[in-house]
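These are my notebook entries on one structure. I list what I looked up and what came back.

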Amino acid sequence: QVQLQEFGGGLVQAGGSLRLSCKASGSFFSINAMGWYRQPPGKQRELVAAITSGGRANYADSVKGRFTISRDNAENTVYLQMNSLKPEDTAVYYCNGNFDAVVAGTKDYWGRGTQVTVSS
């Protein structure tokens, strides 16, 4: 089994910064791509940023230049540095990873989510 646990959500004023982290644990051989998704109130879940095992990143247009995704492969952790936050960034943020799991094989796993609220 694989688990993903997010840390770092909270309440911040517009223009502020937050750093999310997500640590993977459990039985797996390797982690392929990892990413952050978000689900604003009343809307569908959307991709925020993703990063390959080699460090190549891509971003949603709405966060380019403000958010930075990174990962520490030795710690099985992915980060999301969020700067210049806007009220429209308010959402539950979910960590996602594609794992080569010991039992389940290659499969996507999700964290439970962390709330980010940006006040105006």
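Entry 1, conventions. For elements I use DSSP runs, with helices as H or I runs of at least four residues and strands as E runs of at least two, numbered from the N terminus. I am working on a predicted model, in which local features need pLDDT of at least 70, side-chain atom pairs count only at pLDDT 80 or more, and totals for chains, interfaces and linings use all residues. Residues are numbered from 1 along each chain as its sequence is written, and side-chain values use heavy atoms, with hydrogens and water left out.

I looked up the secondary structure and found zero helices and eleven strands. Read from the N terminus, the order is β-β-β-β-β-β-β-β-β-β-β. The box along the principal axes that holds the C-alpha atoms is roughly 45 × 25 × 20 Å. The protein chain has 14 Å, which agrees with the value near 14 Å for a compact globule of 120 residues.

I take buried as under 20% relative accessible area, exposed as over 50%, and partly exposed as in between, with a 1.4 Å probe and protein chains only. On that scale, 40% of the 120 residues are buried. For areas I use the Shrake-Rupley method with a 1.4 Å probe, where only the protein chains shown count as cover for residues. The protein chain exposes about 6300 Å², and carbon and sulfur atoms supply 47% of that area. In counting charges I take Lys and Arg as positive and Asp and Glu as negative, leaving out His and the chain ends. Each charge is placed at NZ of Lys, CZ of Arg, CG of Asp or CD of Glu. The count is 12 positive and 9 negative side chains, and the centres of the two sets lie 2 Å apart.

I call it a contact when heavy atoms are within 4.5 Å. Among contacts with a separation of 6 or more, 56% join residues 24 or more positions apart.

I found Gly-105 in strand 10, residues 105–110. Gly-105 has a relative accessible area of 25%, so I class it as partly exposed. Leaving out residues up to four places away in sequence, Gly-105 touches Phe-99 and Asp-100. I also took its C-alpha distance to Ala-60, which is 45 residues away in sequence, and got 29 Å.

Asn-32 lies in strand 4, residues 28–39. Its 26% relative accessibility makes Asn-32 partly exposed.

Is Asn-96 buried or exposed? Asn-96 is buried, because its relative accessibility is 7%. Asn-96 sits in strand 9, residues 91–101. I looked for polar contacts, meaning N or O pairs within 3.5 Å in which, within protein, one atom must be able to donate a hydrogen and the other to accept it, and residues adjacent in sequence count only if both atoms are side-chain atoms. A polar atom of the Asn-96 side chain lies 3.4 Å from the backbone oxygen of Tyr-109.

Most residues other than glycine have a negative phi. Ser-84 has a positive phi of about 50 degrees and is not a glycine. Asn-76, also not a glycine, has a positive phi of about 50 degrees. Asn-76 is in the loop between strand 7 (67–72) and strand 8 (77–82), and its relative accessible area of 24% makes it partly exposed.

Definitions and conventions: The radius of gyration is taken over C-alpha atoms; the globule rule is 2.2 Å times the number of residues to the power 0.38.
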